[in-house]
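Have the model open while you read.

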Amino acid sequence: MLRSNFNRLIVNLKTEGICNTLIGISRLGCQRIGIISSNTLIYKKCLGPHEPYDNLGAQRAHIRLEIFRGERELKAFGQATPKLANLPLRKWFKRGSLCLALTSSDQIFGYGWIHFAFFDGIDSVNTLRLDANEAYIGPFFIDPKFRGNRLYYALTGAVLNHLKSVGCVHNVYTASSIRNLATIKVMISSGFNVVGLVRTSGRKQVLIELTRERILEKKLTNEKN
Ligand SMILES: CC(C)(COP(=O)(O)OP(=O)(O)OC[C@H]1O[C@@H](n2cnc3c(N)ncnc32)[C@H](O)[C@@H]1OP(=O)(O)O)[C@@H](O)C(=O)NCCC(=O)NCCS
């Protein structure tokens, strides 16, 4: 019974993975040649020293939060969601990014990333440059079998608590497609404000700043690192 459920989970993950990859490739292709445009929201939050964030909580005692700082450490941990293997792990760890993973019985079933200095995966084509006291969080992922348990809120809270404990980070950024309703809900209720909207189509990039400070004008470029 347990084995067949597990096999079903792997098949579901593979099916979702293959579909998402195909959708991602065709979307990116259409975006590059200008047939469709992406609409990405950029969020910013100033970390308050005393603000309590949602965390895993006692009712989720079987779930642990692991922080990975290297590819070898992550691969040695046990079973990881196949989705993790699609990420540029080596590149991200090499430049100091952290992976905060939700685990249960040696299985990684969710993750959220923290990046410093810059993040070049916005919209797949845009780069957000970060100052020394800034960080970018994302991407986030929860395995389909574990979804709907408010774990995205808890993981975001855990990521923010970690950044607060680091001490030197004041501003946190993240981004999502305008169609990603879960991220809009979770980030707004975690205290983020939407500071801009980027529309990219072909080589054309339109940035709409939603604050008077025009934060993104100098930070967002379509150069790759
Ligand atoms: C997005 C994702 C992380 C949500 O995980 P989750 O654990 O199911 O989320 P939660 O249970 O914490 O729910 C968070 C909120 O989003 C809502 N939500 C979740 N999935 C949703 C969906 N597909 N459409 C609309 N709203 C959704 C929930 O209802 C909840 O809102 P509520 O407080 O009003 O009830 C997960 O579906 C996922 O990994 N998706 C693929 C990758 C992705 O989109 N990552 C985020 C951007 S990097």
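The questions and answers below set computed values against their definitions.

This is a predicted model, in which local features need pLDDT of at least 70, side-chain atom pairs count only at pLDDT 80 or more, and totals for chains, interfaces and linings use all residues. Residues are numbered from 1 along each chain as its sequence is written.

Q: Why is D106 called exposed?
A: D106 has 10 C-beta neighbours inside 10 Å. D106 sits in the loop between β4 and β5 and has a positive phi of about 60°, although it is not a glycine.

Q: What makes R214 partly exposed?
A: The count for R214 is 13 C-beta neighbours inside 10 Å, so R214 is partly exposed. R214 belongs to the loop between β11 and β12, and its phi is positive too, about 50°.

Q: How do you know that β6 and β7 pair?
A: Strands (E, at least two residues) are DSSP runs, numbered from the N terminus, and two strands pair if DSSP finds at least two bridges between them. β6 and β7 have three bridges, in the antiparallel sense, so they pair. F118 stands opposite R129 in β7.

Q: What makes β7 and β12 a pair?
A: Their two antiparallel bridges meet the requirement of at least two. In β12, L220 is the bridge partner of L128.

How values were computed:
Helix = DSSP H or I, 4+ residues; strand = E, 2+ residues; numbered from the N terminus. Buried ≥ 20, exposed ≤ 12 C-beta atoms within 10 Å, placed from the backbone.
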